[in-house]
Amino acid sequence: MNASRTSGPAVKRNPVTVERTSDRELVVTRTFNGPARLVFDAWTKPKLFRKWWVPKSMGMRLHSLEIDARTGGSYRLDFGDGMVFFGKYLEVTPPSRLVWTNDEGGQNSSVTTVTFEERDGNTLLTMAEVYPSKEALDAAGTGAADATHETFGQLDDLLAQLNA
């Protein structure tokens with residue numbers, strides 16, 4: 001699918017695959033048109049992350065963002081009205097791998113692993129979210145993974161600007 005941008009040529013949209021691979025794991029895969037170092041930067045640099053992470057169609061506003069993307073560092077996304085997402089980075093290996101906790105879920109917290117595999121100047125991204133139980137994954141649903149269709153499109157636009 002191609003989507004037009006008003007300030008330049010159409011940006012190629014690659015398909016997003018969302019798959020429940022076990023009772024406790026949800027995996028999202030997507031290829032991005034850009035090198036792994038740029039895609040990794042978009043996930044770890046607050047100035048870039050802010051430009052694509054929030055689905056525009058939801059009308060949400062990111063009030064504050066803290067990212068300390070290093071092993072042992074932390075992140076915090078505050079959308080206001082008590083809607084806060086936070087956790088710790090367990091592994092940061094530029095530009096190929098990120099692992100973090102999603103601590104706002106309490107006992108139902110998940111761990112997310114994102115890998116960035118460069119292939120001919122493009123990046124295959126694999127994001128696996130592992131929950132402590134089947135019930136925790138069932139409760140979380142696929143809403144966040146479903147939103148990746150839009151947010152990854154926004155990331156496409158950002159990568160096109162960074163590649164220009």
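pLDDT is the predictor's confidence in each residue, on a scale from 0 to 100.

**Figure 1. Confidence across the predicted model.** This model is predicted. Mean pLDDT of the protein chain is 89. Of its residues, 90% reach 70 or more. Over residues 1-8 pLDDT stays under 50. For that stretch the model has 15 contacts beyond four places in sequence.

**Figure 2. The whole chain.** The protein chain holds four helices and 10 strands. From the N terminus, the elements run β-β-β-β-α-α-β-β-β-β-β-β-α-α. The radius of gyration is 16 Å, close to the 15 Å that the globule rule gives for 164 residues, so the chain is as compact as a globular protein of that length. Along its principal axes, the C-alpha trace spans about 45 × 35 × 30 Å. Buried residues account for 43% of the 164. Among contacts between residues at least 6 apart in sequence, 44% join residues at least 24 apart.

Figure 3. Eight strands make up an open sheet, in the order β3-β4-β10-β9-β8-β7-β6-β5. Their pairing is antiparallel. Strands β3 (17-20) and β5 stand at the edges. Each has a single partner strand, so one side of each is left without a neighbour in the sheet. On average, neighbouring strands are turned by 20° against each other, direction ignored. Helix α1 packs on this sheet. The strands it touches are β4 (25-32), β5, β7, β8, β9 (110-119) and β10 (122-130). The direction of α1 makes about 155° with that of β9.

Figure 4. Strand β5 (residues 64-67) pairs with strand β6 (residues 74-78) in the antiparallel sense, over four bridges. Six residues lie between the two strands of this hairpin. Among them, G72 takes a positive phi near 90°. L65 belongs to β5 and stands opposite L77 in β6. L65 has a relative accessible area of 13%. Buried means under 20%, so L65 counts as buried. Leaving out residues up to four places away in sequence, L65 touches P46, F49, R50, R76 and L77. E135 is 70 residues from L65 in sequence, and 30 Å from it in space, C-alpha to C-alpha.

**Figure 5. The β6-β7 hairpin and its turn.** Strand β6 also pairs with strand β7 (residues 84-93), antiparallel, over five bridges. D78 stands opposite V84 in β7. Five residues separate the strands of this hairpin. G80 sits in the turn, with a positive phi of about 85°. D81 lies in the loop between β6 and β7 as well. Phi of D81 is near 50°, a positive value in a residue other than glycine. Relative accessibility of D81 is 87%, which counts as exposed.

Figure 6. Strand β7 and strand β8 (residues 97-102) run antiparallel and are joined by four bridges. Y89 has W100 in β8 as its bridge partner. The loop between β7 and β8 contains P95. The peptide bond from P94 to P95 is cis, with omega near -15°.

**Figure 7. The loop between β9 and β10.** D120 lies in this loop. Its phi is positive, about 55°, although D120 is not a glycine. D120 is exposed, with a relative accessible area of 83%.

**Figure 8. The largest nonpolar core and L125.** In soluble globular proteins, nonpolar side chains tend to be buried together. The largest nonpolar core of this model has 31 residues. W43, L98, F116, L125 and F152 touch the most other members. Helix α1 (residues 36-44) gives the most to this core, with six residues. Leaving aside neighbours within four places in sequence, L125 is in contact with V28, T29, R30, F32, V39, W43, V114, T115, F116 and F152.

Terms used:
Residues are numbered from 1 along each chain as its sequence is written. This is a predicted model: local features need pLDDT of at least 70, side-chain atom pairs count only at pLDDT 80 or more; totals for chains, interfaces and linings use all residues. Side-chain values use heavy atoms; hydrogens and water are left out. Two strands pair if DSSP finds at least two bridges between them. A nonpolar core is a set of buried Ala, Val, Leu, Ile, Met, Phe, Trp, Tyr and Cys residues joined through side-chain atoms within 4.5 Å. Buried means under 20% relative accessible area, exposed over 50%, partly exposed in between (1.4 Å probe, protein chains only). Contact means heavy atoms within 4.5 Å. Axes are lines fitted to C-alpha atoms, for helices over the stretch in contact, and angles run from 0 to 180 degrees between N-to-C directions. The radius of gyration is taken over C-alpha atoms; the globule rule is 2.2 Å times the number of residues to the power 0.38.
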